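Subject: The structure, with some notes

Hello,

Here is the structure I promised to pass on.

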Amino acid sequence: MRLAKLPEEFQRALPVTNQIEAAGFEAYFVGGSVRDILLGHKIHDVDIATSAFPAEIKEIFPRTIDIGIEHGTVLVLQQDEQYEVTTFRTESTYQDFRRPDQVEFVRSLTEDLKRRDFTINAFALKDDGEIIDLFDGLMDLEEHVLKAVGDPHERFHEDALRMMRGLRFVSQLGFAFEVETFDAILENHALLDKISVERIYVEFSKLLLGEFRNQAISFLVETECYLYCPGLRHYGEALLRFADMKPLTFSSKEQAWTVLIEQMGMGQTLIRPFLKQWKASNELIQNVQALHWGLKIRQEKPLTNWEIYQLGLENSLTVEALAPFYNLTADLKKIEMQYEKLPIKQLRDLAVNGNDLLQTFDRKPGKWLKEILSQLEYQVVTQVLENDAKILLKTAQEILQAGEK
């Protein structure tokens, strides 16, 4: 097969491949970008594979960075662009089911492509548009089949993370596993125990955001890979409920994790320890906690001004956007209008502060201060009181006097 025209992203990279070939070596575009062209998807990174060894690439190009030279990868800087150029290689045994014990650079494209994970990722593209397809990946693309290159057991023993990558591809592409590949994942899923949580987290997060997430989650359970995902071992039924939800696409990791946790029936106090098992960032954890709180309310009724104030505009809109997942109608404009009409947007907007209260009532700092401010904040947001200093100080005095009786 030959492309009628190279996409612009590849045309911009032609000076790199041309220079490599002018030096007497082979150079091809490889990886997910070639697959994405054939699927008509947007191209992300353009990767180049070559018969030139790393030292030879560094001789050809004046501006390079060693980003993974032990594995044959050199970053070539070409004008305003940069490209990962990787030497053809073969790999030895994998003692840790993730990294090869030894990498050997070779001059053969065939040997290099044999070590790829799935047939749809094992294409090479020549600068004249010719697609090199040694493993019938074009047929698998056409039939929407995800098939391991060669023996699937060998591929997953080489790198157990490939099983999670396969599930992620199901979510992103809507493909189904070829029978032998599926059976190999089912048989070898326990190898995921050898993979770092951080790497599983990356693949699982991408899986959650895919258009065909429900199909991928079903496979995650069927292959029993979920047993080796942090905190999911006892939630097989919850994951299947999650897979039965409306096939809508999440717009962010925060949304995805929030709905997953809600389907797991997890309370607020368990969210942080659960996500900590995944090595999630504190920022994501805090956002998910807030969204989960808002979502539980939104499932029962529309958000009030006070709840929108507590969540903030961005989180309120994110919660509202999740309404269709629960057969509710989202009204984002209403949320925006409610937020805009709030008398204050944060505590610092209150017409009085802690110092004002201390000076007015000549009291020592203490618990009372926070309690008074909280009551004033609530009454202003809910429009029981105007945000006026005199009115707020008078109300504070009344609260204090009532507490002394």
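First, some ground rules. This is a predicted model, in which local features need pLDDT of at least 70 and side-chain atom pairs count only at pLDDT 80 or more, while totals for chains, interfaces and linings use all residues. Residues are numbered from 1 along each chain as its sequence is written, and side-chain values use heavy atoms, with hydrogens and water left out.

**The cores**

A nonpolar core here is a set of buried Ala, Val, Leu, Ile, Met, Phe, Trp, Tyr and Cys residues joined through side-chain atoms within 4.5 Å. Buried stands for under 20% relative accessible area, exposed for over 50%, and partly exposed for what lies in between (1.4 Å probe, protein chains only). Helices (H or I, at least four residues) and strands (E, at least two) are DSSP runs, numbered from the N terminus.

The largest nonpolar core has 87 residues, and the members touching the most others are M164, F204, L220, W257 and L275. Helix α7 (residues 161-173) is its biggest contributor, giving 7 residues. Taking contact as heavy atoms within 4.5 Å, and leaving aside neighbours within four places in sequence, F204 meets M164, I217, L220, L232, W257, L260 and W278. There is also a second, separate core of 27 residues, with Y339, V352, V381 and A396 among them.

**Helix α11**

In helix α11 (residues 236-243), the buried residues are G236, A238, L239, F242 and A243. They line one face of the helix, because they fall within an arc of 160° when seen down the axis of α11; the arc is that of the directions from the helix axis to the C-beta atoms. Their cover includes α9 (197-208), α10 (213-222) and α12 (253-263).

**Helices α18 and α19**

How do α18 (residues 354-361) and α19 (residues 367-381) pack, and at what angle? The angle is about 115°, and the axes are 10 Å apart. These axes are lines fitted to C-alpha atoms, for helices over the stretch in contact, and angles run from 0 to 180 degrees between N-to-C directions. On the α18 side, G354, L357 and L358 make the contact, and on the α19 side W368, L369, I372 and L373 do.

L373, in helix α19, is worth a look on your screen. L373 counts as buried because its relative accessible area is 15%. Apart from neighbours within four places in sequence, L373 is in contact with L347, L350, V352, N353, G354 and L357. From L373 to K194, C-alpha to C-alpha, the separation is 52 Å in space, and 179 residues in sequence.

**Two positive phi angles and one more residue**

Q79 is not a glycine, yet has a positive phi of about 55°. Q79 sits in the loop between β4 (73-78) and β5 (81-87), and is exposed, with a relative accessible area of 72%. H144, also a residue other than glycine, has a positive phi near 55°. H144 lies in the loop between α5 (137-143) and β10 (145-146) and is partly exposed, at 42% relative accessibility.

Finally, Q11 belongs to helix α1 (residues 8-22) and is partly exposed at 34% relative accessibility. Leaving aside neighbours within four places in sequence, Q11 is in contact with K5 and L6.

Happy to go through any of this with you.

Best wishes
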